[in-house]
Amino acid sequence: MAVFMQIVGSLKETFQKILIRGELEYDDNEMHCNARLGEMLDEFSKELDKSNKFSENFLIEEMEILKEANGIRLPNFLPNHAFLCLLKRKVKSVSNLRIGFVNKVWGYLEVVSGRVLIDPCGNYPQMLPSIKKASQNVILRMMEKFMEKVIEMMEMEKVTDYTCDPDYIASCNKLMGKSRDDFLEAITSNWSAFSMEVYGTIDIEHLLGVPANKRDQAFDLKMRMTAYWKIVLRRMVDWIALELRFVIQKMVNDELEMEIVNEVMVRGGGMEKMLDEPTSVALKRERLQKSIGLLQESKQIIQQVMDGIPLIAD
């Protein structure tokens, strides 16, 4: 029991060092977990940012949504359900990125756990499969819960449009100000393209014959979504980072030890079976014990010779 608990305690302490406290326990950079997970989050954030680009067919999607959202109402009011429809499409467009991120994290944690298990279980290789299975089970279970939370978060973003972030108003006013003026000037002057500060040159030749009211409403919808989508992406990354840290802490501090005990003591056939020496180790131990016996006899003989004591033949 002492040996078993020592192994479990050593595993837990190592996971706490590298996954929670961020200590550089290993010389291998791949095992500097906080840094590697941080890089994965940065990469995920950059992939999300790429979704905040204007399409080649500028305002086409917005005009189609506004057409389908049209009804018996005043023409100069932007319908909220049109904004929500566009928001749902954008959230759906990044759904594969979140799945890819979770799978990447899960694969990395599996590699890390496999490396961590080698040292504590080195003298008891027959225990390694059970503990490895337990660690894989708990990582898989926690990652499934993490995936469920991420999916739930994405679904929440589709339900309503809301933020208390003051940056939304500032960004929206900027886009609806100078960017709108530049757009109207380009349309009035029959330009084929115009430049926005953030997104560069945009083709607008296909908009020159579009009715002004339809075109202007589509532009307003586009600018409002651009300002809000930036908030949504930032919120997604922050939330996923917090949830990931929470899941890892819960896994290491609460779930891992219990899962190993259940796998070894209940499903693995008992601790004694796991701690039995394999045949190869037992044979090696026997050979070493014989060698030790021969060396001790040789030492006694040499000592007798040095002391001048006559040797007695067997």
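## Aromatic pairs in the model

The structure holds 8 aromatic pairs. Rings of Phe, Tyr and Trp (its six-membered ring) count as a pair if their centres lie within 6.5 Å. This is a predicted model, in which local features need pLDDT of at least 70, side-chain atom pairs count only at pLDDT 80 or more, and totals for chains, interfaces and linings use all residues. Residues are numbered from 1 along each chain as its sequence is written, and side-chain values use heavy atoms, leaving out hydrogens and water.

## F58 and F183

Let's start with F58 and F183: their ring centres are 6.0 Å apart and their planes meet at 75°, so this pair is edge-to-face (planes over 60 degrees apart; under 30 is stacked, the rest tilted). F58 sits in the loop between helix 2 (33-49) and helix 3 (60-68), while F183 belongs to helix 7 (residues 166-188), so the contact ties together parts 125 residues apart in sequence. Helices here are DSSP runs (H or I, at least four residues), numbered from the N terminus.

Is F58 buried or exposed? F58 is buried, at 0% relative accessible area; buried means under 20% with a 1.4 Å probe, protein chains only. F183 is buried too, at 0%.

## F183 and F219

F183 also pairs with F219: the centres lie 4.5 Å apart and the planes are at 10°, so these rings are stacked. This pair links helix 7 with helix 8 (residues 212-267), across 36 residues. F219 is buried, with 0% relative accessible area.

Methods
Helix = DSSP H or I, 4+ residues; strand = E, 2+ residues; numbered from the N terminus. Buried < 20%, exposed > 50% of the residue type's maximum accessible area, 1.4 Å probe, protein only.
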